[in-house]
Amino acid sequence: MSKLKIFVGGIHGSGKGTICSLLVDKLGAIYISASKLLHWDRKSKQVDDVSENQRILTELLIENTKLDSSYIIDGHFALWNIDKHCEEVPIDTFLPLDLKAIVLTTCNPEVIQDRLFNRDKISYKLEEIKELQELEEKRAKVVSEYLNIPLFFIDTTRDFDLEVLKKIML
């Protein structure tokens, strides 16, 4: 398979990990988690300095990828800052990655709320989740258009249509 880099975005609890696993299995690509690269082990999803966090992430992604390999990268287009306000991830984060496609995972906010509570034992307000997911989708569209690459949507609320994955693989 030729070099392929797919960015899988979505808010916390939206199903990025599940989709990444499916894509890795189908494409034989290497999985890279932004959180793991940054050694993000806090349960809280707030970021002290979104721009600096993403600058470091970009450097780590460049250092940890090879030109002749394919990757599925999981990350975000928007994050909660230290004040718990939604903040867009800078476009500079995506420029050097040579992405071929973006997959955005979305989910019913109530389901995300339950997933985050079950996983992290933290209760997030439904309005916070809705606001972050709306900004995540808006920013994914902007990045896709700016980079002139396809954007695929997968709603993980229920069983999702695996046909979307076939389109990504073409």
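Predicted model: local features only at pLDDT ≥ 70, side-chain atom pairs only at ≥ 80, totals over all residues.

Student: Okay, which residue lies over the face of Trp 80?

Tutor: Look in the loop between S5 and S6; helices (H or I, at least four residues) and strands (E, at least two) are DSSP runs, numbered from the N terminus. At 5.3 Å from the ring centre of Trp 80, the residue you want is Lys 84.

Student: Is Lys 84 buried, partly exposed or exposed?

Tutor: Buried means under 20% relative accessible area, exposed means over 50%, and partly exposed is in between (1.4 Å probe, protein chains only). Lys 84 has a relative accessible area of 24%, so the label is partly exposed.

Student: And which ring does Lys 121 lie over?

Tutor: Lys 121 sits in the loop between helix H4 (109-120) and H5. Its relative accessibility is 58%, so Lys 121 counts as exposed. At 6.0 Å from the ring centre, Lys 121 lies over the face of Phe 117.

Student: Zooming out, how many helices and strands does the protein have?

Tutor: Reading along the sequence gives the pattern β-α-β-α-β-α-β-β-β-β-α-α-β-α. The count is 6 helices and 8 strands.

Student: Which strands pair with S7?

Tutor: Two strands pair if DSSP finds at least two bridges between them. Strand S1 (residues 5-9) runs parallel to S7, with 4 bridges, and Phe 7 stands opposite Ile 102. On S7 there is also a parallel pairing over 5 bridges with strand S8 (residues 151-155), where Thr 105 stands opposite Ile 154. So, going by that two-bridge rule, the partners are S1 and S8.

Student: How many residues of S7 are buried?

Tutor: In a regular strand the side chains alternate between the two faces of the sheet. On one side of S7 you find Ala 101, Val 103 and Thr 105, on the other Ile 102, Leu 104 and Thr 106, and both faces are covered. For this strand (residues 101-106), the buried count is 6 of 6.

Student: Now the rings. How many aromatic pairs are there?

Tutor: Rings of Phe, Tyr and Trp (its six-membered ring) pair if their centres lie within 6.5 Å; planes under 30 degrees apart count as stacked, over 60 as edge-to-face and the rest as tilted. By that rule, the number of aromatic pairs in the structure is 4.

Student: What kind of pair do Phe 7 and Phe 94 form?

Tutor: These two are 87 residues apart, with Phe 7 in strand S1 and Phe 94 in the loop between strand S6 (86-88) and S7. Both are buried. Their rings are 5.2 Å centre to centre with 85° between the planes, which is edge-to-face.

Student: And Phe 77 with Phe 94, what is that pair called?

Tutor: Phe 77 is buried, with a relative accessible area of 0%. Ring pairs link Phe 7, Phe 77 and Phe 94 into a cluster. The centres of Phe 77 and Phe 94 are 5.0 Å apart and the planes are at 20°, so the pair is stacked.

Student: Last one: how far apart are the end C-alpha atoms of H5?

Tutor: The expected span of a helix is 1.5 Å times one less than its number of residues. H5 has 22 residues (126-147), so the span should be 32 Å, and the end C-alpha atoms agree with that at 31 Å.

How values were computed. Residues numbered from 1 in each chain as written. Heavy atoms only, no water. Lys NZ or Arg CZ within 6 Å of the ring centre and 35° of its normal.
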